[in-house]
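Reader: Could you walk me through a few of the labels used for this model? I would like to see the cut-offs behind them.

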Amino acid sequence: MEASRSRNKTDVLHDFQVSFFAMSRLSSFPWTFLETEVEKEESSELISDILKQTCLHPLCHKHPPSLKYRRLFLTELIRRHEASDLDPSDELYDALGNVLGAEEGTECYKSYLLPGGEAVSLSENVALISEGTTGLVTWDAALFLAEWSLENQQFFTGRTVLELGSGVGFTGIAVCRSCCPARYVFTDCHPRVLQKLRVNVQLNGLEDLEDLENLENLASPRVRVQELDWQTVSEEQLAEIKARTVIAADVVYDPDIVVCLVKLLSRILRCASPAGPPEVLICSTIRNPDTYSSFKHQLEASGIRHRVITGPVRHVFPYKRVSTIEMIQLYT
């Protein structure tokens with residue numbers, strides 16, 4: 001998040017907070033601004049404010065990043081403070097002492113702050129966390145799709161939305177919290193992923209319809225987490241969902257599943273309602289151009305056309321758009 005544009009303290013505090021709760025790489029934090037500001041002001045006030053917006057923030061008590069990550073972050077913050085020759089900070093050392101004396105659990109949390117200030121928190125396995133990054137899933141396309149959704153809420157508001165390959169649920173939870181869908185169906189096919197998905201849906205205040213007996217007083221959106229096997233799901237089963245919008249992020253990554261995915265998308269596009277076929281949006285990180293090109297060729301061979309959605313999308317979440325990410329809308 002180091003940038004050339006001029007910044008104020010509010011911007012930097014926000015950057016520290018957003019990066020900390022998302023467990024971004026420590027090298028991405030705006031340390032240079034911090035050092036310059038501390039030297040100029042000859043005060044540790046900004047460091048104290050950063051501590052309050054990160055390790056001492058209520059969100060950190062409720063849904064903390066991993067113990068290892070907090071220890072690394074505090075160690076770096078203390079190193080920067082000591083380099084400034086300011087008086088020692090008891091609150092910094094107390095915070096470090098608290099994490100040094102604690103035992104790492106099996107679960108930790110990554111949280112992404114929405115523009116309104118609310119957080120989408122995701123439970124993750126500590127064993128999959130390394131140096132502030134996660135090996136659980138590649139987030140770029142899911143984050144980009146969520147950012148795009150925040151700016152294009154008309155695709156979701158008041159509609160039934162079906163998400164393919166929901167993973168741990170970030171995009172769908174962000175849409176449910178910000179875009180007011182009437183109904184949202186999270187899907188995946190792996191039992192362990194579905195288990196984690198249900199945990200994260202409930203963690204963020206959404207209730208799975210399957211777990212509820214009385215739906216009469218349920219606040220919108222109505223949410224469902226269900227298994228969806230791309231190979232075996234029938235057109236009739238898809239039609240029962242009555243989706244008006246279908247989304248997917250990072251599903252075009254393996255040549256072996258592209259054929260299956262295209263057949264699924266063909267079935268989805270045939271599920272026309274009185275309002276017409278659903279609007280289908282696919283967001284992809286293009287890691288292998290050959291695989292992505294094959295996907296597009298197979299779409300065309302199946303009679304599915306596409307248009308690339310262009311235009312700037314506001315960067316809300318802390319990730320670097322170093323990879324090529326493309327959004328396409330499908331139609332017949």
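**Labels and their cut-offs**

Author: Gladly! The crossing of H1 and H2 is left-handed, meaning that the near helix is turned anticlockwise from the far one by less than a right angle (clockwise would be right-handed). This is a predicted model, where local features need pLDDT of at least 70, side-chain atom pairs count only at pLDDT 80 or more, and totals for chains, interfaces and linings use all residues. Residues are numbered from 1 along each chain as its sequence is written, and side-chain values use heavy atoms, leaving out hydrogens and water.

Reader: Why are H1 and H2 called oblique to each other?

Author: Helix H1 (residues 9–21) and helix H2 (residues 31–41) pack at an angle of about 135°. Angles under 35 degrees count as roughly parallel, over 145 as roughly antiparallel, 65 to 115 as roughly perpendicular and the rest as oblique. H1 and H2 are therefore oblique.

Reader: What makes Trp230 buried?

Author: Its relative accessible area is 15%, and buried means under 20%, exposed over 50% and partly exposed in between (1.4 Å probe, protein chains only). So Trp230 counts as buried. Trp230 sits in the loop between strand E7 (222–227) and helix H10 (235–241). Beyond its neighbours within four places in sequence, Trp230 has contacts (heavy atoms within 4.5 Å) that include Leu164, Val251, Ile257 and Arg267.

Reader: How do you know that the buried residues of H6 line one face of the helix?

Author: Those residues are Leu92, Ala95, Leu96 and Val99. Seen down the axis of H6, they fall within an arc of 95°, so they line one face; the arc is that of the directions from the helix axis to the C-beta atoms. On the other side of H6, Asp90 and Asn98 are exposed.

Definitions and conventions. Axes are lines fitted to C-alpha atoms, for helices over the stretch in contact, and angles run from 0 to 180 degrees between N-to-C directions. Helices (H or I, at least four residues) and strands (E, at least two) are DSSP runs, numbered from the N terminus.
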